[in-house]
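These are my notebook entries on a structure that I have not examined before. I record in turn what I looked up.

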Amino acid sequence: VKRIFGGSLRRKLLSVMLFTTLAGLVVALSTMIVFDLRDYRQGWIDDINAHAELLARTTAPALAFDDVRVANENLAVLRFRPKVRDAVIYNARGLPFATYAAEGRSTNVPALPGPDGTATDGRSLWVFKRIVDGGQILGTVYVRADYDLYDRMRSHAAVALLVVAIAMLVAWAVSSWLRQIVMRPIVAISDAARMVVEKRDYSRRVDMHGDDELGTLVGAFNGMMDEVQGRTHALEASNHDKILEVEERRRAQQEVMRLNEELEERVRGRTAELALATAAAEDANRAKSEFLSNMSHELRTPLNAIIGFGQLLAAADTRTLEPQRSREFVSYIVNAGRHLLTLINDILNLAQIEAGKLTLSVEPVALSDVLEGCRVMVEAQADKRDIRLLFPMSVDAIVDADRTRLKQVLLNLVSNAIKYNRQSGTVVLDCTRTEPTRLRISVQDTGHGMQPEQLRSLFQPFNRLGQEHGGQEGTGIGLVLTKHLVELMGGSLGVNSTPGVGSLFWVELHAQPPADAPPTETRAEPGANSVTDARGGAADGRGAALVLYIEDNPASRQLVSSALATRRDVRLITASNGKEGLDLARVALPDVILMDNNMPLLTGGEAQALLKADPRTAHIPVIAITANAMPAGIAKGLAAGFFRYLTKPVDLDELMGALDSALAHAGVSSPAQPSSAGDDSTSGST
Ligand SMILES: Nc1ncnc2c1ncn2[C@@H]1O[C@H](COP(=O)(O)OP(=O)(O)OP(=O)(O)O)[C@@H](O)[C@H]1O
Ligand SMILES: [Mg+2]
């Protein structure tokens, strides 16, 4: 059933039509045939009974009179009924009395009469009828006729088939016509719908056909398509807007994410910086604590020597103590004192630098002199460890630097190179120009070098990178000071080191171009060259230079007196307080004045101010010799116009150097004094 009624709508329609037609025909035809066959059968039964009755009546007298002829004549009438095949009349005893057989037909009559009634075998129909007259049975009539029930059924069936065939043909024709008018619009709608589904083409419309239900359907479909198209357009427009919006949001989100990442990156950076800063601060703190304990140790060690040997000397019996022994004790005390002084100076320098109060006087300096000075100072130290010093033969460079500080820088680098070298190693100092106005001084050693992590802490104050327990003296300030000083002179300091091979420290400074060197060199050497020029003239013209020392402490006066007593070119006069000194200066007009600061009546600073204010004494260079070693005091003194500012305990070499400079400044000669340690602690020039 499914196969028959399935498939397309057309097929369904056709199947339904044909099936309906077929069903109608079968019902109608079979009813007709059944009724017809029943009528046919009944008609035959009635007909044959009527014949039998008629024969019984007409034959009754013949039987009564035993007239066979009449009986046969009566039977012969049957020849007008071709369907009757044969007939028999039996007498009362049941024997055939008269017989009839249709012409040309074989007869097969029953020998005895059967009971009254009709019977059939499908091909023939027969009847037995008793012949009764006056209540007496005279005999029996038997009539048999052809009964063509099957033929009739066959012919009916043929007709029915023909009718069915024609009806089906008509139904098929009608259905295709129906299809034409009913299906076309539906197919068009279905095509349009398929296009919509497959190609999203909402512009398809179906042609209108009439105003029946299909027309309405088509109209409704077209209307629906209008609606769908309209809505689709609206939807697409809104979709487009949505896509733009989504895109916009996506971009905004990306931007937010980017900003977020940037922020995170910055936070990470800041956190790292903070961590570094914290670590650095902690390191510095640790280093400072270590320094304090170091410092305490460093200070106590020389003090221990000073006090110990001092006590020994004080307690010793001068008569029994050998002079050589007492000289030895004194030399211990002096060395320890010097060491203490260096230490204190270093710390003061560092404090000054860190406070931003250290002022340098940067001027053109002949490098060769500074190098020579350094070499002389470290030679002994190098010899002790059998270290070879290789310095350049001749250097004619002029660098812009503070002479004293440059020396301090190079001394620290070279002394490090010696201290941290191996026994019998080598130190090479070299000068090269990296640019026409840039000079690099490098100090290379063959020592144990430094590990990368040591290099990272190299410039931390007081950090001795594990050398605290090594054999070399030091405080771990040298390189820090050195770096600061180089930078203050407008230069830079760098280091390369290979563990086990050695280190190379270099300093780069601004240098005068080679062609400009000679004229600036003379300017750079007031303490050496100009003095040499002036020496002869001054000595010849004026004899010994006059030096006034104003000092209230007799011991100090005695010390300077003893020291200057060795110099022929200087004559010393002294005053014991500021007031007296001022008066003496105005009268004697010395070439140079040495001035203590802390004095009764008039302090050194006040006296100096008054000297400056007086036109007669204003030109005289005044060298301060004071116990105020604080950076602020020194800076103040230099600012007030002191020529030099020496701090107590005064280093005699330094004093001589300062005096020479002052004499040269005043235009007075002096025999050249070794000025190697001359300007170590403080310096300033007018
Ligand atoms: N040329 C070098 N070779 C190997 N290590 C060095 C060298 N120069 C410096 N160092 C290391 O760096 C540390 C710091 O040097 P720095 O000059 O600042 O201090 P110091 O020599 O220990 O003491 P000072 O303050 O007396 O100079 C030294 O203790 C040493 O461990
Ligand atoms: Mg050092």
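This is a predicted model: local features need pLDDT of at least 70, side-chain atom pairs count only at pLDDT 80 or more; totals for chains, interfaces and linings use all residues.

Residues are numbered from 1 along each chain as its sequence is written, chains are lettered from A and ligands numbered from 1 in the order in which they are written, and side-chain values use heavy atoms, with hydrogens and water left out.

**Entry: salt bridges**

I looked up Arg-69 and found it exposed, because its relative accessible area is 52%. Arg-69 forms a salt bridge with Glu-73, with 2.6 Å between the closest N and O atoms. I take a salt bridge to be a side-chain nitrogen of Lys or Arg within 4 Å of a carboxyl oxygen of Asp or Glu. Glu-73 has a relative accessible area of 45% and is therefore partly exposed. Both Arg-69 and Glu-73 lie in helix α3 (residues 68-76), four residues apart, about one turn of the helix. Helices are DSSP runs of H or I with at least four residues, strands are runs of E with at least two, and both are numbered from the N terminus. An α-helix has 3.6 residues a turn, so residues three or four places apart point the same way.

I next looked up Glu-248 and Arg-251, whose side chains meet in a salt bridge at 3.8 Å, N to O. They lie three residues apart in helix α5, about one turn of the helix. Glu-248 is partly exposed at 49% relative accessibility, and Arg-251 is partly exposed at 45%. A network of salt bridges links Glu-247, Glu-248, Arg-250 and Arg-251.

Arg-616 and Asp-614 also meet through their side chains in a salt bridge, at 2.9 Å, N to O. Arg-616 is partly exposed, with a relative accessible area of 47%, whereas Asp-614 is buried at 9%. How many salt bridges does the structure hold? I recorded 32 salt bridges.

**Entry: aromatic rings**

I found five aromatic pairs in the structure. Rings of Phe, Tyr and Trp (its six-membered ring) pair if their centres lie within 6.5 Å; planes under 30 degrees apart count as stacked, over 60 as edge-to-face and the rest as tilted. Phe-309 and Phe-329 form a tilted pair, 5.2 Å centre to centre and with 40° between the planes. Phe-309 lies in helix α5 (residues 213-315) and Phe-329 in helix α6 (residues 323-354), so the pair ties together parts that are 20 residues apart in sequence. Phe-309 and Phe-329 are both buried.

The pair of Phe-309 and Tyr-332 is stacked, because the ring centres are 4.4 Å apart and the planes are at 20°. This pair links Phe-309 in helix α5 with Tyr-332 in helix α6, distant parts of the chain 23 residues apart. Tyr-332 is partly exposed, with a relative accessible area of 37%. Phe-309, Phe-329 and Tyr-332 form one aromatic cluster.

**Entry: charges over rings**

I looked up where Arg-440 lies, and it is over the face of Trp-506, 3.9 Å from the ring centre. The charged end of Lys-483 sits over the ring of Phe-459, 5.2 Å from its centre. A charge sits over a ring if NZ of Lys or CZ of Arg is within 6 Å of the ring centre and within 35 degrees of the ring normal.

**Entry: the magnesium ion**

Which residues coordinate the magnesium ion (ligand 2)? I found Asn-412 (OD1) and Asn-416 (OD1), at 2.1 to 2.6 Å. Donors are N, O and S atoms within 2.8 Å of the metal (3.2 Å for Na, K and Ca), and water is not among the atoms, so sites may look incomplete. Asn-412 and Asn-416 are both in helix α8 (residues 403-419), four residues apart, about one turn of the helix. Both Asn-412 and Asn-416 are buried.

**Entry: helix α15**

I listed the buried residues of helix α15 (residues 604-613) as Gly-604, Ala-607, Gln-608 and Leu-611. They cover an arc of only 100° around the axis, which puts them on the same side of α15. The arc is that of the directions from the helix axis to the C-beta atoms. The buried residues of α15 pack against α14 (578-588), β15 (592-595), β16 (622-626) and α16 (631-640), where contact means heavy atoms within 4.5 Å.

Notes: Buried means under 20% relative accessible area, exposed over 50%, partly exposed in between (1.4 Å probe, protein chains only).
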